[in-house]
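Subject: the structure, and what I found in it

Hi,

Here is the structure I said I would pass on.

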Amino acid sequence: MNILEKIAAHKKQEVAISKEEVPVESLELLPHYHRKCLSLRENLQKVQPGIITEFKRRSPSHPEINLTADVEKITAAYEAAGASGISVLTDEEFFGGSLDDLALARETVKLPLLRKDFVVDEYQIIEAKAMGADVILLIAAMLKPSEIRQFSALAKKLGLEVLLEVHNEEELKNNLFDTVDLIGVNNRNLKTFEVDLQFSKDLAEKIPGEYLKVSESGISDTAAIRELQKYGFQGFLIGGNFMKTEDPGKSAAEFIKELI
Ligand SMILES: O=P(O)(O)OC[C@@H](O)[C@@H](O)c1c[nH]c2ccccc12
């Protein structure tokens with residue numbers, strides 16, 4: 001089993017337990033479930049380049065990024081730094097995140113929030129809305145096109161935006177549904193952890209113009225952004241480069257100041 005298969009198997013077990021503990025009917029009673037979502041897409045179009053800062057404590061490839069990071073402090077600083085949106089890891093087992101982190105981020109900032117997790121079931125999309133997210137991630141490497149179609153349609157129905165994550169041309173071509181808003185090219189191969197910005201450059205011209213292009217992972221300097229902008233990327237998802245420093249908010253502020 002590769003890491004993605006391991007994560008998917010674990011996620012299915014987790015979701016089965018969550019459904020028992022907090023049924024959909026209970027999620028639908030939570031106040032955020034009825035809130036109007038913010039648009040990450042619009043925010044990324046307003047400020048160029050648009051930076052999506054990520055709150056991430058650890059990952060399978062980097063087990064100790066920032067284990068004691070405080071979500072309120074860092075998301076508040078990300079907002080002040082001029083981020084266009086914030087990605088919050090909610091996977092506990094492999095990334096050390098939680099839904100509580102997402103809920104706390106929601107109480108702290110007014111920016112669009114991406115629930116960063118591994119969606120394998122419609123339940124998680126309803127949960128994302130109920131916990132205050134504005135955007136969900138769908139990872140083409142772990143879902144069938146029929147699932148991407150179904151999950152993205154549900155997200156739209158709930159008013160959420162959909163960021164489709166692809167890593168190669170086949171994943172892209174099979175999933176160009178009109179219920180997808182943003183397409184993210186992950187520069188990290190989630191099966192091997194290899195990172196190369198060339199993945200973004202190679203796929204850029206194959207992404208139809210109606211989708212906002214996001215480049216994800218492995219971005220560590222502003223020169224990379226300048227380069228990727230030439231290929232039409234408008235959004236840049238950056239986690240480790242900020243989170244690994246002592247003051248992620250300050251690092252993000254300096255980075256964004258250099259760009260705008
Ligand atoms: O920390 P980085 O290299 O800047 O990467 C951020 C983000 O792109 C990465 O965390 C990510 C991209 N796609 C994912 C899917 C699941 C979990 C995490 C991710």
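In which loop does Phe193 lie? Phe193 lies in the loop between strand E6 (182-186) and helix H9 (198-204). Helices here are DSSP runs of H or I with at least four residues, strands are DSSP runs of E with at least two, and both are numbered from the N terminus.

Before the rest, two words on the ground rules. This is a predicted model, where local features need pLDDT of at least 70, side-chain atom pairs count only at pLDDT 80 or more, and totals for chains, interfaces and linings use all residues. Residues are numbered from 1 along each chain as its sequence is written.

**What the record says**

UniProt, in an unreviewed entry, places the feature "domain: Indole-3-glycerol phosphate synthase" at residues 4-253. UniProt positions are given in the numbering used here, feature names are shortened, and annotations may be inferred rather than shown by experiment. In the model, that span is 41% helix and 16% strand, and its end C-alpha atoms lie 32 Å apart.

**Around the ligand**

There are 15 residues around the ligand, and Glu216, Ser217, Leu237, Gly239 and Gly240 come nearest. A residue is near a molecule or strand if its C-beta atom, placed from the backbone, lies within 6 Å of it. Strand E8 (235-238) and helix H11 (240-243) are the elements that give two or more residues to this shell. By class, the shell has 4 nonpolar, 6 polar and 5 charged residues.

Ser217 sits in the loop between strand E7 (212-216) and helix H10 (222-229), and its phi is positive, near 80°, though the residue is not a glycine. Ser217 counts as buried because it has 28 C-beta neighbours inside 10 Å. The rule is that a residue is buried if 20 or more other C-beta atoms lie within 10 Å of its own, exposed if 12 or fewer, and partly exposed in between, with C-beta atoms placed from the backbone.

Gly218 lies in that E7-H10 loop and is buried too, with 20 C-beta neighbours inside 10 Å. Leaving aside neighbours within four places in sequence, Gly218 is in contact with Asn187, Arg188, Val195 and Leu197. Two residues are in contact if their C-beta atoms, placed from the backbone, lie within 7 Å.

Phe193 is partly exposed, with 13 other C-beta atoms within 10 Å. There is also a cis peptide bond joining Gln48 and Pro49, with omega about -10°. Pro49 is in the loop between helix H3 (40-46) and strand E1.

**Two helices**

Helix H4 (71-81) has Val71, Ile74, Thr75, Ala77, Tyr78 and Ala81 as its buried residues. Seen down the axis of H4, they fall within an arc of 160°, so they line one face of the helix. The arc is that of the directions from the helix axis to the C-beta atoms. These residues pack against E1, strand E2 (85-89), helix H5 (99-108) and helix H12 (248-259). After H4 comes Gly82, with a positive phi near 100°.

Helix H7 (residues 145-157) has 13 residues and reaches 18 Å from its first C-alpha to its last, close to the 18 Å expected at 1.5 Å a residue. That expected span is 1.5 Å times one less than the number of residues. The buried residues of H7 are Ile148, Phe151, Ser152 and Ala155. They cover an arc of only 100° around the axis, which puts them on the same side of H7. On the other side, Ser146 and Lys157 are exposed. The buried residues of H7 pack against helix H6 (122-130), strand E4 (135-139) and strand E5 (161-166). H7 is followed by Gly159, whose phi is positive, near 85°.

Cheers

Technical notes
Ala, Val, Leu, Ile, Met, Phe, Trp, Tyr, Cys and Pro count as nonpolar, Asp, Glu, Lys and Arg as charged, and the others, Gly among them, as polar.
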